[in-house]
Amino acid sequence: MSPSMSERLRRQIAARLAKPRRLFVTPGGDEFAAWCREQPGTAVELVVSARALHELVAEPGLPLADLDAVQAYAQQQFAHYFGSAAQRFALAPWRLDDVAGASALHGLDLTALRSQADAAQVRLASVRPAWAAWLAALPAATRSATGRAVWREDDIAVVIQLDRGRVTGLQSRRVQSLADLGGDELLAVGTPASDLAPLPGPATPQPDFLPRSGRSPLAWPLAATGALVLATAAWSAVESHRALDVAQAARDRVAVLRSAAKPPPRRAAAAAPAENRSANEARALLAMPWEPLLSRVETAGADAKAIAWLGLDASAGRGELRLEGLTPDKLLALQLAEQLGTTPGWRQVVLSRFSAAETGLVGQRFEINARVPGGGGS
């Protein structure tokens with residue numbers, strides 16, 4: 001059974017507010033398909049197996065001024081080596097100091113991944129090579145050294161050459177054991193079981209298969225607002241059609257009653273407010289200041305760092321807002337409520353519920369209720 005329009009909207013807003021979690025995906029993307037079925041309305045960073053990638057490092061000294069130039073060069077090189085099949089590869093170029101390269105996605109269909117995400121209202125925050133996520137998670141001392149770091153998946157190894165914090169080479173190889181790599185002692189070895197949380201340290205390549213754009217930090221509130229407007233407009237149209245049917249039926253009943261006896265006074269007039277209630281709420285939803293409201297929620301959550309948003313519900317007519325989230329510490333939730341309470345126009349901001357998180361979630365669940373500027377002028 002497909003979700004209702006209101007449920008889809010709730011999931012979409014929850015995904016925009018959620019802190020992305022990492023998911024390792026292999027060729028075919030079965031892991032992500034299962035994620036979309038089981039966890040709609042969430043946000044995810046896909047970490048792509050080396051088995052689904054081809055790697056390229058540009059020759060030193062090439063005039064590759066920006067990522068567009070790197071991508072154009074990489075397209076030519078991959079087409080040379082893989083022929084017409086390379087036209088289907090999604091590319092993720094990267095550039096760091098005077099070294100540039102690109103990853104090619106051949107074992108996953110990026111368009112299909114994005115379609116799956118859209119259908120489940122899952123926000124794709126990034127789609128990155130596993131080796132890049134792992135390199136950014138190495139301690140600063142390791143990344144600042146000179147030597148080789150190796151990301152390994154069984155018989156596939158991505159060998160990353162480091163020179164005092166600079167990535168100077170990157171090569172994907174087939175190996176039976178680490179001894180096959182020979183050469184100098186390895187600085188670090190990573191596997192899909194490694195912790196991929198980024199750590200401070202020297203900059204590392206940041207290839208991402210999602211399209212590059214110049215989106216501002218307010219892009220997600222604008223997107224959520226657009227989705228809200230479309231959903232509300234469709235819902236309002238359905239409700240208006242339903243209200244017309246109700247009104248017509250009421251007029252028919254009144255006509256029958258008039259033919260038999262004088263109808264009770266004010267009956268038709270009393271029905272009008274009920275018929276218009278849905279339309280009034282829809283207009284109020286459209287008129288709510290969604291961009292500053294959602295931007296404020298996002299900013300407050302980012303300031304709290306450990307906060308992960310789960311959902312948002314709003315009643316435009318009453319000017320009420322309810323936020324749900326996860327926190328490792330009740331004090332953080334209290335501080336967040338206090339911070340939101342300083343927002344101009346926000347009133348009666350209270351931490352109304354605090355409980356243990358459900359199975360599968362990490363932290364403690366909290367709920368914040370507030371009165372906010374509404375579409376009806378409240």
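Trainee: Good to know! What kind of model is this?
Mentor: Residues are numbered from 1 along each chain as its sequence is written, and side-chain values use heavy atoms, with hydrogens and water left out. Local features need pLDDT of at least 70, side-chain atom pairs count only at pLDDT 80 or more, and totals for chains, interfaces and linings use all residues, since the model is predicted.

Trainee: Is Thr343 buried or exposed?
Mentor: Thr343 is found in the loop between helix H10 (330–341) and strand E13 (347–356); helices (H or I, at least four residues) and strands (E, at least two) are DSSP runs, numbered from the N terminus. Buried means under 20% relative accessible area, exposed over 50% and partly exposed in between, with a 1.4 Å probe and protein chains only. With a relative accessibility of 11%, Thr343 is therefore buried.

Trainee: Now the rings: how many aromatic pairs are there, and what is the geometry of Phe78 and Phe82?
Mentor: Rings of Phe, Tyr and Trp (its six-membered ring) pair if their centres lie within 6.5 Å; planes under 30 degrees apart count as stacked, over 60 as edge-to-face and the rest as tilted. The structure holds 5 aromatic pairs. For Phe78 and Phe82, the centres are 6.2 Å apart and the planes at 35 degrees, so the pair is tilted.

Trainee: How far along helix H3 are Phe78 and Phe82 separated?
Mentor: Phe78 is buried, at 4% relative accessibility, while Phe82, at 34%, is partly exposed. Because they lie 4 residues apart in helix H3 (residues 67–82), their separation is about one helical turn.

Trainee: Which parts does the pair of Phe78 and Phe89 tie together?
Mentor: This pair is edge-to-face, with 6.5 Å centre to centre and 80 degrees between the planes. Phe78 and Phe89 are both buried. The pair ties together parts 11 residues apart in sequence, because Phe78 lies in helix H3 and Phe89 in the loop between H3 and strand E4 (90–96).

Trainee: Which residues form one aromatic cluster?
Mentor: Phe78 pairs with Phe82 and also with Phe89. The cluster is formed by Phe78, Phe82 and Phe89.
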